[in-house]
Amino acid sequence: MTPVIQGERLLERLQTLAQIGRTDSGACCRLALTDEDRAGRDQVVAWMRELGLQVHVDPIGNVFGIRAGRRPELPPVMTGSHIDTVRSGGAYDGNYGVLSGLEVVASLNEAGVETERTLVVAFFTDEEGARFPPDMLGSLVFVGGMHLDDALATRGIDGAILGDELRRIGYAGSSPLPLPAPEAFVELHIEQGPVLDAEGTTIGVVENLQGISWQEITITGQANHAGTTPMSMRHDAGYAAAAIACYLRELALEMGGTQVATVGKTDLSPNLVNVVAGRASLTVDLRNTDESLLQQAEQRLAAYLQQLAEAEGVEIESRRLARFRPVTFSQQVAEKIGQKAEALGYSHRRMTSGAGHDAQMLARICPTAMIFVPSVGGISHNPAEYTEPADLVAGANVLLHTLLDLANHGV
Ligand code: HGY
Ligand code: MN
Ligand code: MN
């Protein structure tokens, strides 16, 4: 019997999960390792068990639902994503890939289909990195890119320690995944950008992913009276923070190409209407598909910070939060995705991912590629994030047939 994706069930589960951590403004807020994240994890683990999957939790809290294949000695085929969100999250970012993986399992179960290789559906800890940088932390530890002890010792933006939170929510697993490195990894995700929607294309075959550079900049000036301090005597950390944000906008526009720059988080102290800010901190997110251009952007920013510190008589320090080079995915796996999309009659195109994903870490240990579906208006990290149901089902269908092919024939 041919397995069939039950679109209704997938859509229903997406809505159920989106209610967990829902805020008054309609956002989905499940920051990593919070009580809301625990509730989301518990719900997905319950669905895994209902599907008869063997559930394994590793020491950084990554969760794996394992569906044994006929030949357990062969490397498994893995799919998955994340279910932690940013503070202003939508219903689909990360959740869609995990729940589509479970939908693939459900359709195989209903069709009584056994695969040669074991199939694993995973969700990785702290993909967003918004509470505990860097992003993709759980998958980075899984592939050996970050030592477990360093990850557990990470201090969050709220001062919490990652390992304490992991234990508190009950997801500190005891042992690494008892399986060999995957034969292949495929991640299904919403595009989160404007390309597919603008073109009216259904499937993105993601063949590469841009480099990411995150840093936290701390500025120390001098708190002073807003009314009595002449402009010539100010060491205004608030002005310096604003100047950096304006510099980065100009830098990205001047560099052009795929260069983007974001100041997403700023804090001023004492943060009062009549006090010249004595201290400021801000985050900088730089990305580019080209490693040398990304380095150039970092170097130009560093030179600007030095010049600004002298001009304003402030101290400026920078602390690296994340740094990942651009990643090229497996052509073979991308080829398979394109073939399945074609065979299923979906329009498709090769593309780059502007966002970071767990797939960029899995690509370090096995052939990996991604499947995108359109984000309406290119909106994401926003409760208005939306993908048409027909596109959600199309993506899950392409995932089903790609995983089946990989699980029975390998890469
Ligand atoms: O930052 C990113 O690109 C992803 O959402 N973690
Ligand atoms: Mn994501
Ligand atoms: Mn995200």
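A residue counts as buried when its relative accessible area is under 20%, as exposed when the value is over 50%, and as partly exposed in between. The model described here is predicted. Met 136 has a relative accessibility of 0% and therefore counts as buried. Met 136 is located in the loop between strand 4 and helix 4. Its phi is positive, at about 55°, although Met 136 is not a glycine.

Leu 33 also has a positive phi, near 70°, and is likewise a residue other than glycine. Leu 33 belongs to the loop between helix 1 (7–19) and helix 2 (35–50). With a relative accessible area of 0%, Leu 33 is buried.

## Cis peptide bonds

The bond from Pro 133 to Pro 134 is a cis peptide bond with omega near 5°. Pro 134 sits in the loop between strand 4 and helix 4, and Met 136 is placed in the loop between those elements too.

Another cis peptide bond links Ser 269 to Pro 270, with omega at about 5°. Pro 270 is part of the loop between strand 10 and strand 11 (275–276).

## Manganese ion, ligand 2

Which residues coordinate the manganese ion (ligand 2)? The donors are His 82 through NE2, Asp 93 through OD and His 189 through NE2, at 2.1 to 2.3 Å. Along the chain these donors follow the spacing H-x10-D-x95-H. His 82 and Asp 93, 11 residues apart, both lie in the loop between strand 3 and helix 3 (95–111). His 82 and Asp 93 are both buried.

Asp 93 bridges the manganese ion (ligand 2) and the manganese ion (ligand 3), and the ions lie 3.5 Å apart.

## Gly 80 in strand 3

Gly 80 is a residue of strand 3 (residues 77–81). Gly 80 is buried, with a relative accessible area of 0%. Leaving aside residues up to four places away in sequence, Gly 80 touches Ala 122, Phe 185, Val 186 and Glu 187. The C-alpha atom of Gly 80 is separated by 8.7 Å from that of Phe 64, 16 residues away along the chain.

Is strand 12 largely enclosed or largely exposed? Nine of the 10 residues in strand 12 (residues 279–288) are buried, so the strand is largely enclosed by the rest of the structure.

Several strands pair with strand 12. Strand 7 (residues 211–220) runs antiparallel to strand 12 and is joined to it by 10 bridges; Ile 212 stands opposite Arg 287. Strand 10 (residues 266–269) is also antiparallel to strand 12, with four bridges, and Thr 266 stands opposite Leu 282. Strand 9 (residues 260–262) has three bridges to strand 12, again in antiparallel orientation, and Thr 262 faces Asp 285 as its opposite residue. In a regular strand, side chains alternate between the two faces of the sheet.

## Second largest pocket

The second largest pocket has a volume of about 220 Å³. Its lining comprises 13 residues, and those closest to the pocket centre are Asp 58, Val 141, Phe 142, Pro 176 and Leu 177. How many residues of each class line this pocket? The lining has 12 nonpolar residues, one charged residue and no polar residues. Asp counts as charged, and Asp 58 is among the residues closest to the centre.

Key. Residues are numbered from 1 along each chain as its sequence is written. Chains are lettered from A and ligands numbered from 1 in the order in which they are written. This is a predicted model: local features need pLDDT of at least 70, side-chain atom pairs count only at pLDDT 80 or more; totals for chains, interfaces and linings use all residues. Side-chain values use heavy atoms; hydrogens and water are left out. On a 1 Å grid over the protein atoms alone, a cavity is a set of points where a 1.4 Å probe fits but cannot get out, and a pocket is an open set with protein on both sides within 12 Å along at least five of seven lines; lining residues have an atom within 4 Å of a point. Grid points are joined across faces, edges and corners, and a volume is the space filled by probe spheres set on the points. Buried means under 20% relative accessible area, exposed over 50%, partly exposed in between (1.4 Å probe, protein chains only). Helices (H or I, at least four residues) and strands (E, at least two) are DSSP runs, numbered from the N terminus. Two strands pair if DSSP finds at least two bridges between them. Contact means heavy atoms within 4.5 Å. Donors are N, O and S atoms within 2.8 Å of the metal (3.2 Å for Na, K and Ca); water is not among the atoms, so sites may look incomplete.
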